[in-house]
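Try each task before reading its solution.

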Amino acid sequence: MAEWELTNKLGQYLDRHLVFPLLEFLSTNHIYNEDELLQVKLGLLNNTNMVDFAIDVWQQLNPDQIPPDQFMENRIKVVKQLKELESVTRPILELLTNEAISQEIAKARDVRQLLDYLQKNHGFNPDMIDSLLEFAKFQYECGNYSGAAQYLSSHRMLISPNDKNYLSNLWGKLACEILMQRWEAALEDFNRLKEFIDSYPFFANQLHLLQQRTWLIHWSLFIFFNHSQGRDMLIDMFLEKKVNYPKQQTNNPYLNAVQTMCPHILRYLTTSVITHRKRREHMKELVKVIQQESYTYRDPITEFVECLCVNFDFDGAQKKLRECVEVFDHDFFLVALKDDFIENARLFVFEIFCQIHECISIGMLAEKLNMTPEEAEKWIANLIRQARLDAKIDSKLGHVVMGTQAVSPYQQLIEKTKAMGIRCQVLTMNLEKKLHSVQERGWDLS
Amino acid sequence: MSGRFFKGVSDSESESSEAESDILPTRPHPAVTSAFPVSDEEEEAKRVVRTAKEKRYEELHTIIRQIRNHKKIKDISKMLSGFENLTRAFQKAKLVIEREENNKIPTFYLRCLVELETFVHETWEDREGRKNMSKQNSKSLATLRQKLRKYSKDYETEMNKYKENPVEDDEKEEESEDEESDESDSDDDGPMDFMKKPEKEVKEDFKEEPKIDKDVEDDDESDDSYWQGSSDESSLTSDDEKYGGNRAKNVFERDTDKTKETTKRRRKPKEGEHRKQRIHEEEDEQEEGRWKEVQRGGIPGEKPKMFSKDEEINHQSVIKKLLEILAMRGKKRIHRSDQIEMLVELLDICGAHKLGPAIETKVTLGIIAALFEYNPNVSPCMKPENWQKCLKFANLLFDILLENPDIVVSENIAEEAESFTAPSFRVHGCALTLVEKMDEEFTKLLQAVDPHSPDYIERLKDEKNICTIIERLQTYLEANQKGTSSELCRAYILRIDHLYFKFDPLVFKKREQQAKARANSLVNGDGVQTEPQDEEKKEGAVEEKPEEPQIGETSLEVIDRLCKYIYAKDATDRLRTQAILCHIYHHALHDNWFEARDLMLMSQLQHNIHKADIPLQIIYNRALVQLGLCAFRHGNIRDAHQDLLDIQFFGRAKELLAQGLLPKPQERTPEQEKMEKRRLLPFHKHINLELIECVYLVSAMLLEIPDVAANEFSVRKKVISRSFYNQLRKNEEQPLVGLPESMREHVVAASKAMRVGNWKACRDFIINDKMNTKVWNLFYQANKVREMLVQKIREESLRAYLFTYSHVYDVISLATLSEMFDLENNIVHSIISKMIINEELMASLDEPTQTLIMHRTEPSRIQGLALQLADKVTNLVDQNERLWDFKQAGAFGGQQQRMGYQNRQENQNRNYQEYGQRQERNNRENRRSNYVRN
């Protein structure tokens, strides 16, 4: 049960605040001791400014006792700090709320010009920028995510991408959006951050780059499994071989990061691929990765794929599928996908089954698909009706008979010669082009 | 008798000292003491009145010696001039000879002539060598030959006589050669002594008492004491006062000994055992000599050789002396062995006076350095005695250094900044470099010994010592952060270098233990439903894991630790690369396939290893081979094949792994060959070549045979392994195939069996007693490997069978197949499914009856031909496209890059599925159309 639980691993790459949702989920799940969970939560809270929340948790832990003074001290300290920061940032906040200035900001193209303008006309001080970031961070620590997000977006207006705080700003903004569950905005921020990391010229250090990517992958899980398009994006991120990674044409850097740093992400990737419409395209790649990493990470979901695509062991796949259900129940990100996954996995099994077999008894199929024979028959009938399956049901014998797959020589011939026309055309075109250029050059020379 | 004897002796002494001041590199063998006072005394000692005979003979000797030296270095033009000088000098000496020797030509002169003659003859005959000679030399050679021929006519009879009866001299020759190899120049003195004493006299001496000397050693001793007494007197009375008294005494003793030796030698001229005895005696003598000196040194004030009587022995004086001795290095008349012994003595003195560890360190460093410099050339190895000494002193050095952590030894300390007196000693030098040098010497020693002789084992015993020394070096450098990180890296790489190729069975035991422990903890973990999720808690649980009898740090962990340090700290790329490769090797050796593979892939070495230096490439090759073997043990046949392919491809595994030279000397210059020889690995590091080849061939068989079966008639069949094909072809070319004898024949026979799906025969060819002893038993867990292999053979045979015979079946029952190949039902199912999915097999399964139904489309003749035509047209288009690409790429893309490991990895899956995807279908058609046509 807890064997496949990933919170422990995921937590290493998440922000403190991002772990809370995971813990909340776990406490509804009852696989761990409630008190221990609270203890952990308290541990997490101790390093934030959310003192009230911490007191709550403490009281949950020790129902009949008065919280120690330490909390109160903390609280006083936090409040004091807040006041200080507020007073420091007040001028800039006032500036930013000024109608005229915000219009000016919206108009401004160049950050430097904007700063110049502000400095000249509004008594702006460059130090204010940093204090703004600090304030935003403080707000974030206090749990005031919307405020933090707002400050951060203002902050970003005022700094150029070359600023040393730009990266922190992006991360902070992403965290805020995720915690406020504004997925569209979060996705926007995520893309901005991803682009920045991919193109960031100062990551000379590969290790640093790898680290950033690993974090990004983990944070993005929140978006991918909550946004409606999320899973497609997840697949794109890992399995698309895009041209825009010029240095490593062969390897997708994110997949690389997964393989080196966090193979447990494969669970999410696998799930996405199986539930994806066009899974076949990606399956091959995925299977390769799973096999390569099988010694560092395996769970029922990856094993399911392995059983099915490598060993063609349908019984094993069936068993794994059953285990998968449990995994899904206990995974914060995947719990909503359970039914979808099961349905798709079944279809996947069946697809492969049909590829191999010519004649299948419905009873056996039902067993393999974890259904009753009647259900199975209905299910298959539906598939046939939707023209997704070329088959007939022999209800007398209880068999499904596949349509013949044999290819006629005629078809074969067509297949073989199909591409040839285009290839020849390309070739002649190239030749012509070349000839043309040679002739031109020839004139030049003469 | 004593008088006469004595006279001769003193003569020889004066002569030898004369000679010394001229060119003689050293004193007679054990004359350590006489070399000690590096003073002007010797020059003065020259003024001795000598007879004409002595003078002439002296001259002759000098020239002969020169000639001999030139001969050694093959400087023929010098030899020619030497020869001319010699004849001239002999002419001068003729008178004396006539008077003294009754016109008998002295033997040493004859000997020289004979030697010259043979040498010239030999050089003349050696046409190869003559061609390589410089112009000047070859010219001189011709002249010398002529002159010599002319000259020797005059002495023909004598020379012939000498040739016939060279007994005594031959004996001496051998002796002198012995001594030469001992690096003591007594061969220069030998003949001189021998000549100097009028033979008859000596002979008479011993005729008088021939039996007394039977018990040689006793006799020696008694003689010694006797002579010692008398010499003391003589030094006071008869000798000039210019001789330092002690010096004379010492030399005198030596010479008496020498005389005795010579005479003894003469008396027993034939036996080999005599020589042995003599060497023994010499050793005795040496010891005796040393012993005497030390005895004298025991009372420090009276030690004349190292320090004068009244000289105070303190740090400065010792350092001064040390520098003096060290400064002697390279000077001609100081022999290196003397230098070493002086240093050893100095060390003793330091010990006796308790001058502190720092100074001892300094002296020890000096000794080790001197030992290394003993050989002037780089290529030949050290002598075993010196090697032993070297080990001893290295140990001593670390004794001192580890006991006294307050000594700082560093190269960065200038000679002037050294301090020996107070704690926080500072010494110039570098222990690390010494150990590195030592390690190199050790490799050379091993290279020089025949690996199949017991000597090798004898030498190899020192491996342990050297490992200890390296470990001590490491502890020394680690303690108190003495070493900088780069020094530590170097020390670690030394350690790794001695560790990485050694197999440690403990690794496996530990692994089993851990697996067991994990299983236990899993059981426990499952029992407790509400296991805490908290990280700390989990870690705690890991720590509490019940661990059975502890296995200490295994070599794998040691290497892991050291390598990780190097990865992090190393600044030079080379050490890191070396560390990575050793790490890979070690992982692979211990069946950590995934780790090894990942390291290999992550290091990306396969892309740039060809830019590295050759020793590194050798390690790379070794790591790759080991990785291949490991993959094989894991059953990853394709990986194993790919890893070994590069090594086996050209059939030069031996060379690529630096385990031997190819017998093609004409392809390289002597220098190259020398370099290659130096790079050869010592035998104990070798990887068994037959094992590599066998694993490679078997892997190739498992991959290739089903592929061959699938593409029997295909035009575009890709060859997976060319060398495997070569083996097959060779076998087919034979008119008569007998029972397989060699490993290769076994594999070929097995392949043939597999080709028709006869897995039992295949298995029996691959796994039998012969192959077991030759190959499989070399694996650590041989049985596991064999099991894996049998399983693979079954599976691949099944595939081959289906490819070959599927067209004769309409329907096959899976149960029959599983019975035929002794495979489990689900495995058969899985294999067939895979084949169907990959479109290798045109068939589908019928689930209710558990049978495989073959699909067959019977193309008509015209269809078959059309398909063939389509194939050919496709080929044509392919060719055109390739041509175009080639033209486009022009000069830049023409050469195809060596396909790296990474790419191969990626291609791997593709290949697997691509092979014969469509081709399979075509084949069938081709086959059929052929059939139709016939």
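**Exercise 1. Find the distance between the closest N and O atoms of Asp560(B) and Lys564(B), and decide how the two residues sit along their helix.**

Step 1. In this predicted model, Asp560(B) and Lys564(B) form a salt bridge whose closest N and O atoms are 2.9 Å apart. That falls inside the limit of 4 Å used for a salt bridge.

Step 2. Both residues belong to helix α26 (residues 555–569) of chain B, and because they are 4 residues apart, about one helical turn separates them.

Step 3. Now check accessibility. Asp560(B) has a relative accessible area of 23%, so it is partly exposed. Lys564(B), at 48%, counts as partly exposed.

**Exercise 2. Work out whether Glu796(B) and Arg799(B) are buried or exposed, and describe their pairing.**

Step 1. Their side chains meet in a salt bridge, with 3.3 Å from N to O.

Step 2. The two lie 3 residues apart in helix α39 (residues 782–805) of chain B, which means a separation of about one helical turn.

Step 3. As for accessibility, both Glu796(B) and Arg799(B) are buried.

**Exercise 3. Which helices of chain B are linked by the salt bridge of Arg495(B) with Glu471(B)?**

Step 1. Start with the pair itself: the closest N and O atoms of Arg495(B) and Glu471(B) are 3.7 Å apart.

Step 2. Arg495(B) is in helix α23 (residues 485–499) of chain B, while Glu471(B) is in helix α22 (residues 462–478) of chain B.

Step 3. Arg495(B) has 14% relative accessibility and so counts as buried, whereas Glu471(B), at 37%, counts as partly exposed.

Step 4. To put these pairs in context, the count over all chains comes to 37 salt bridges. In chain A, a network of salt bridges links Lys173(A), Glu177(A), Arg182(A), Glu188(A), Asp189(A) and Arg192(A).

**Exercise 4. Determine how α13(A) and α14(A) are oriented, and which residues meet between them.**

Step 1. Helix α13 (residues 230–239) and helix α14 (residues 253–260) of chain A pack at about 85 degrees, and their axes are 6 Å apart.

Step 2. Angles of 65 to 115 degrees count as roughly perpendicular, and α13(A) and α14(A) are therefore roughly perpendicular to each other.

Step 3. From α13(A), Met237(A), Phe238(A) and Leu239(A) meet Tyr254(A), Leu255(A) and Val258(A) of α14(A). By class, this contact has 6 nonpolar residues, with no polar and no charged ones.

Step 4. Ser220(A) is found in helix α12 (residues 206–224) of chain A, and its relative accessible area is 1%, so Ser220(A) is buried.

**Exercise 5. Compare the span of helix α3 of chain A with the expected value, then find what covers its buried residues.**

Step 1. Helix α3 (residues 34–45) of chain A has 12 residues and reaches 16 Å from its first C-alpha to its last, close to the 16 Å expected at 1.5 Å a residue.

Step 2. Its buried residues include Leu37(A), Leu38(A), Val40(A) and Lys41(A).

Step 3. The cover over the buried residues of α3(A) includes α2 (16–29), α4 (51–61) and α5 (69–97) of chain A.

Step 4. Finally, zoom out: chain A has 22 helices and 3 strands, and 50% of its 446 residues count as buried.

Definitions and conventions. Residues are numbered from 1 along each chain as its sequence is written. Chains are lettered from A and ligands numbered from 1 in the order in which they are written. This is a predicted model: local features need pLDDT of at least 70, side-chain atom pairs count only at pLDDT 80 or more; totals for chains, interfaces and linings use all residues. Side-chain values use heavy atoms; hydrogens and water are left out. Axes are lines fitted to C-alpha atoms, for helices over the stretch in contact, and angles run from 0 to 180 degrees between N-to-C directions. Angles under 35 degrees count as roughly parallel, over 145 as roughly antiparallel, 65 to 115 as roughly perpendicular and the rest as oblique. Contact means heavy atoms within 4.5 Å. Ala, Val, Leu, Ile, Met, Phe, Trp, Tyr, Cys and Pro count as nonpolar, Asp, Glu, Lys and Arg as charged, and the others, Gly among them, as polar. Buried means under 20% relative accessible area, exposed over 50%, partly exposed in between (1.4 Å probe, protein chains only). The expected span of a helix is 1.5 Å times one less than its number of residues.
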